[in-house]
Amino acid sequence: MNKIKKFISYYKPYIPLFLADMFCASVAAGVTLVFPMVTRYITGTILQKEPIEFSMIYKLGIFLIVLVIVEYFCNYFIAYQGHVMGAKMERDLRSELFAHYQKLSFSFYDDQKTGQLMSRLTNDLFSLTELYHHGPEDLIISIIKFVGAFIILLNINVELTLVVFAFIPFMILFASYYNKQMNKAFDNNKRKIGDINARIEDNLSGIRVVQSFANEEAEQEKFSYNNNQYVLSKKNSYKYMGGYHSGLNAFISLISVIVIILGSTLIGKGQLTTPDLIAFILYVNNLIEPIRKLINFTEQFAEGITGFNRFLEMMAIEPDIQDQKGAK
């Protein structure tokens with residue numbers, strides 16, 4: 001629980017900006033749910049009447065254009081101010097960790113590699129702030145689109161909706177397995193890049209000694225070893241990422257195929273209209289898009305939480321000698 005409170009505490013200075021970001025994300029997600037309904041209304045109602053009310057089509061077109069403009073400004077705010085918020089949180093985290101470095105004892109630095117400490121101060125915090133920024137946005141957009149599409153799809157055709165959502169539990173189980181594997185792989189990646197930083201720091205700080213003893217070739221071999229270990233670590237993580245993305249994309253394509261086949265069958269039996277199928281396919285795309293965002297979120301979560309755990313691991317180290325309160 002303390003870890004959760006610590007994680008959330010970095011939002012506190014930016015609550016107004018965070019709430020504005022979440023509001024824009026909610027509006028942008030809600031706007032996308034309107035388009036298929038308007039399409040269904042035009043194809044299923046306006047175009048079925050004689051004479052066709054072209055003025056109504058034009059009015060709905062203007063309405064949709066206004067929604068596009070609203071969506072543009074919401075997405076612009078999310079992309080601009082949301083990233084600014086993330087950068088400020090990254091600054092706060094880095095300042096806190098750097099200040100903690102200043103307090104730690106000499107014995108701590110005797111056992112640590114400078115490159116690893118630098119990696120925790122740079123690479124780890126970048127992946128963490130990506131989670132801080134994109135995580136809540138992706139969640140709220142996904143929930144609104146997912147729940148909204150589900151409710152609307154139920155109103156169009158219950159049977160077809162239940163068939164589509166029957167795939168969701170399998171997708172969640174599939175994603176959960178790969179999420180755990182990616183978490184381990186990302187942690188290993190961070191350690192390997194830390195080793196590279198440590199090797200670079202050792203070499204450059206002692207470059208005079210290296211050149212004096214003509215030891216460049218040996219140093220190159222050491223660096224090549226660390227560099228190749230990083231490639232092997234990344235290769236392992238990409239293997240899980242490949243299985244993760246390709247598997248979920250296969251699920252998504254399969255859902256689309258089933259909707260087309262089953263929807264066409266229902267139209268042939270008179271249980272579904274063509275405008276309903278068009279709207280259904282559009283809403284399935286709305287359903288797929290939040291699943292894609294959840295894919296990105298779980299990937300960000302795996303990498304970001306790994307960075308946060310490494311951040312807390314360092315913050316938990318206490319100096320051997322501590323100043324008294326108020327000491328000068």
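This is a predicted model: local features need pLDDT of at least 70, side-chain atom pairs count only at pLDDT 80 or more; totals for chains, interfaces and linings use all residues.
Visitor: Where do α6 and α7 meet, residue by residue?
Guide: From α6, the contact uses Phe 146, Phe 150, Leu 153, Leu 154 and Ile 156. From α7, it uses Val 158, Thr 161 and Phe 165.

Visitor: What angle do the two helices pack at?
Guide: About 145°, with the axes 6 Å apart. Helix α6 covers residues 123-156, and α7 covers 158-165.

Visitor: How many residues of that contact are nonpolar, polar or charged?
Guide: Seven are nonpolar and one is polar. No charged residue takes part.

Visitor: Thr 161, then. Buried or exposed?
Guide: Thr 161 counts as buried, because its relative accessibility is 0%.

Visitor: And which backbone oxygen lies 2.8 Å from a polar atom of its side chain?
Guide: That of Leu 153.

Visitor: What else is Thr 161 in contact with, leaving aside neighbours within four places in sequence?
Guide: Phe 150, Leu 153, Leu 154 and Phe 280.

Visitor: Phe 280 makes me think of the core. Which residues touch the most other members of the largest nonpolar one?
Guide: Phe 280 does, along with Ile 156 and Met 171. That core has 34 residues.

Visitor: What does Met 171 touch, not counting residues up to four places away?
Guide: Leu 248, Phe 251, Ile 252, Ile 255 and Ile 291.

Visitor: What other core lies apart from the largest one?
Guide: One of 27 residues. Its members include Leu 17, Phe 108, Leu 125 and Met 315.

Visitor: Last one, Thr 43. Which helix does Thr 43 lie in?
Guide: Helix α2, residues 15-44. A polar atom of the Thr 43 side chain lies 3.3 Å from the backbone oxygen of Arg 40.

Visitor: And what is Thr 43 in contact with, leaving aside neighbours within four places in sequence?
Guide: Gln 48 and Pro 275.

Technical notes:
Residues are numbered from 1 along each chain as its sequence is written. Side-chain values use heavy atoms; hydrogens and water are left out. Helices (H or I, at least four residues) and strands (E, at least two) are DSSP runs, numbered from the N terminus. Buried means under 20% relative accessible area, exposed over 50%, partly exposed in between (1.4 Å probe, protein chains only). A polar contact is a pair of N or O atoms within 3.5 Å; within protein, one must be able to donate a hydrogen and the other to accept it, and residues adjacent in sequence count only if both atoms are side-chain atoms. Contact means heavy atoms within 4.5 Å. Axes are lines fitted to C-alpha atoms, for helices over the stretch in contact, and angles run from 0 to 180 degrees between N-to-C directions. Ala, Val, Leu, Ile, Met, Phe, Trp, Tyr, Cys and Pro count as nonpolar, Asp, Glu, Lys and Arg as charged, and the others, Gly among them, as polar. A nonpolar core is a set of buried Ala, Val, Leu, Ile, Met, Phe, Trp, Tyr and Cys residues joined through side-chain atoms within 4.5 Å.
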